[in-house]
Structure formats: structure tokens, C-alpha cells
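Here is a short report on one protein chain.

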Amino acid sequence: MENTENKKVMLSGIQPSGALHLGNYLGPLRHWPKMIEEFDCYFFLADLHTITVRQEPAALRQQTMTLLASYIACGLDPEKCTLFIQSHVHQHAELGWVLNCYAMFGELSRMTQFKDKSAKHQENVNGGLFTYPCLMAADILLYQPDFVPVGEDQRQHVELCRNIVQRFNGIYGEVFKMPEPYIAKVGARIMSLNMPDSKMSKSIPDGCVYLLDKPEDIARKFKRAVTDSDTERCVRYDPENKPGVANLITIYASVTGKSYGEIEAEFEGKGYGAFKPAVGEAVIETLRPIREETERLLKDRAYLESVYRNGAERASYVAERTLRKVYKKIGFIQK
Ligand code: TRP
């Protein structure tokens, strides 16, 4: 698969440090299968990034394979995009080192994620946690993407990457293409089922629906979803005053394709008792084929291995070209 049609290049990485949940799926992930038709896409599992925080080796291995299988099950056809595991492409670590030397201590100190994570893991404020954005910049720049879809929380890291590009190109000429962050406007913002003021996340386990949850667990989580303590108890989209119900309406709309108006009409006079299980059912049916396909793929090790090997081979080819160019510009002797 070569980019012969001069498609624009897109790249995105995700850390295999936890399982995918409904918020990931209804946000960006669901739109990726369409994007691989239009763009030359690189998707990788950022395992090198996960070890800035201690990981249990067996769990890391398992999460990486599960994430790979889930990606494919969600429609990322490995024939149509480059799907790989970061640590298989050694150029990431190499360019990461180089970029360390072109990022400033002060710049790195200002990263809010560094400040947050070092406050949270005070026993392990390691160098990797601090220089993480340099590795992320390397991930991006090796493939010269036109844009990088990221969540709001990663915007600052992409900005730092852009500063590095400017600094590096200022010294050596046009080596790197300037990447554009792409803060997705498509896709829904899904909140926690039991704390609808916070985004759905694995750090609030009860309010988080995983892609691989069993149907009965999904049903239970939706039955227990926080609605609102207002007295009218009607299904109406009002995110200000009824954030819990609004979140459920957003989820129901995303999985059924119905409009908010249609949903309000459907549950007119029925109250939350009918609404919550209906949302749960709709989510169960949406996730069922993904879970089944993920489970099937996880049993087919040989196939998964062929996917990540091919992916790494394709990725290395492009990454090596960039790395050679960088080494040459810097003044390293070519081998
Ligand atoms: N830092 C990203 C996250 O934690 C993951 C990531 C690593 C990434 N490298 C990247 C995202 C390159 C986009 C591009 O979510």
C-alpha cells in the first residue's frame, strides 16, 4: 500500500494503558474508518509512552494486543492504513533522543500534563515523564503528517512539536513539515454515567462503559446512570440543568442516529424508568459486533502478528527516510 494518490497524511497514537470505552468510540474512533478512505493514515499503539508510569508487564502485553484487535474490529482495515506498535519501529526512540536536544527545559516544564502527572505519581517523577513530548514530537515528525487529530488534552504537546519544528528547521533548513493539530469537531463528547460533569474515563470506573463489557454489565451501568433530581423527570435535552439526561440522550442519538427531538418524542410521558434501559439496550447492540469480532481476533494470534509485522515494516520504511535525513543534516557520518 503506497501513497500513490498523493493523499494527505494523518497520524494518531493511543496509549495501550487501558481498555477502550464508549467515550473513545463515539468520539474519534468511530469516524476513523471513513478517514482511512480519504487519507493516508498511520495509527500506532504508543507503548513506549506508557512506561512513564509504572506498568505491569503482563497487563501491558495483554492491553496492547487487545487494543490492536479492537482497532481492527472497529473498522480500521490494516490493508487500508498503517497500523503498528511504536516499540517495533526503533526510529521513534532515536528521533526522540535527537529532539530532546532541541526542546528547552523551560518549555517542557510548562506542560500541564507533566505538572498533573508528577503531582499524581510523586513517587515516580522520572525523566521520561518530563521529556515525553519530545518522543511524541518524534512520533509525529517521522511521518511528516499534514495533520494530527488529538483531544484537547494533547493540544499543548502538538504546539510544542511545532516549536521544535520551527527551531530545527531554522537551523538546518526545511527538514520537517509543520504538523497541524486537528481538534476533532465530529464525534460526541460523552460524559461519565454516574458523574455527568466529568468526561467518561477509566478513572471513574462505575460510570465507564468499556467496548468489551458484557451485555449484562452494560445494562446494569445504564440502569444505575445518574439522572437528575428535578421533579419533572421527563426526557428533555437540557445540558445545563439536566446533564445526566442530556448525556444519555447524546449517547442514544449517537448509537441510533435519531435526533434529539425524535428521542424526546419517543419517550414523551414515559420517564427515566423506560429511557435508561432503552439506551443501555441500544448501546449493547452497537457494541455487540465489535466485542465479538475483538474476541475472535484475539484467538487468531497468527493474524494479529501478521498485522503488526506488516505495519511496522511499512512504518519503518517511511520513518527511516526521515531519520536518515535528520542525521545527515545534524552532521552525523552516514553509514
Ligand atoms: N500522548 C498521546 C496521549 O496520551 C498519545 C500519543 C503519543 C500521540 N504519540 C502521539 C497522539 C502522536 C498523537 C500523535 O493520548
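Helices (H or I, at least four residues) and strands (E, at least two) are DSSP runs, numbered from the N terminus. This is a predicted model, in which local features need pLDDT of at least 70, side-chain atom pairs count only at pLDDT 80 or more, and totals for chains, interfaces and linings use all residues. Residues are numbered from 1 along each chain as its sequence is written, and side-chain values use heavy atoms, with hydrogens and water left out.

## Salt bridges

A salt bridge is a side-chain nitrogen of Lys or Arg within 4 Å of a carboxyl oxygen of Asp or Glu. Side chains of opposite charge can pair when their charged atoms come close. The whole structure holds 14 salt bridges. The table lists some of them.

| Pair | N to O distance |
|---|---|
| Glutamate 152 and arginine 155 | 3.0 Å |
| Arginine 220 and aspartate 217 | 3.1 Å |
| Arginine 288 and glutamate 285 | 2.9 Å |

Take arginine 220 and aspartate 217. They sit three residues apart in helix H10, so about one helical turn separates them. Arginine 288 and glutamate 285 are also three residues apart, in helix H13, and again about one helical turn lies between them. An α-helix has 3.6 residues a turn, so residues three or four places apart point the same way.

How open are these side chains to the surroundings? Relative accessible area sets the classes: buried is under 20%, exposed is over 50%, and partly exposed is in between (1.4 Å probe, protein chains only). Glutamate 152 counts as exposed because its relative accessibility is 51%. Arginine 220 is partly exposed at 34%. Arginine 288 is partly exposed at 28%, and glutamate 285 is partly exposed at 41%.

Salt bridges also join into a network, which links Glu159, Arg162 and Glu180.

## Two helices with bends

The expected span of a helix is 1.5 Å times one less than its number of residues. The bend at a residue is the angle between axes fitted to the seven residues ending there and the seven starting there.

Helix H13 runs over residues 271-298 and has 28 residues. Its first and last C-alpha atoms are 41 Å apart, close to the expected 40 Å. H13 has a kink of about 35 degrees at leucine 287, shortly before proline 289.

Helix H8 has 15 residues, which should span 21 Å; its end C-alpha atoms are 21 Å apart, in agreement. H8 bends by about 40 degrees at proline 133. How many residues of H8 are buried? The count is 12 of its 15 residues, and H8 is mostly covered. Among the buried ones are Phe130, Tyr132, Pro133, Leu135, Met136 and Asp139.

Contact means heavy atoms within 4.5 Å. Histidine 49 belongs to helix H3 (residues 47-50). Histidine 49 counts as buried because its relative accessibility is 4%. Leaving out residues up to four places away in sequence, histidine 49 touches Gln15, Gln86, Tyr132, Leu135, Met136 and Asp139.

Serine 254 lies in helix H11 (residues 243-256). At 14% relative accessibility, serine 254 is buried. Neighbours within four places in sequence aside, serine 254 is in contact with Leu26, Arg30 and Ala188.

## Two loop residues

Glutamine 144 is in the loop between helix H8 (127-141) and strand S4 (147-150). Glutamine 144 is not a glycine, yet has a positive phi of about 45 degrees. Most residues other than glycine have a negative phi.

Proline 205 is in the loop between strand S5 (180-183) and helix H10 (215-223). Proline 205 is partly exposed at 48% relative accessible area. Leucine 193 is 12 residues away from proline 205 in sequence, and the two C-alpha atoms are 9.6 Å apart.

## Domains

Domain bounds come from an automatic or database domain assignment. Domain 1 covers 9-188 + 301-330, and domain 2 covers 205-295. Into their contact go 13 residues from domain 1 and 16 residues from domain 2. The C-alpha centres of the two domains lie 32 Å apart.

Buried area is the accessible area (1.4 Å probe) that two parts lose on being put together, summed over both. Between domain 1 and domain 2 this area is about 1200 Å², with 79% given by carbon and sulfur atoms. On the domain 1 side, Leu22, Tyr25 and Ala73 lose the most area to domain 2, together 39% of what that side buries. Zero salt bridges are counted between domain 1 and domain 2.
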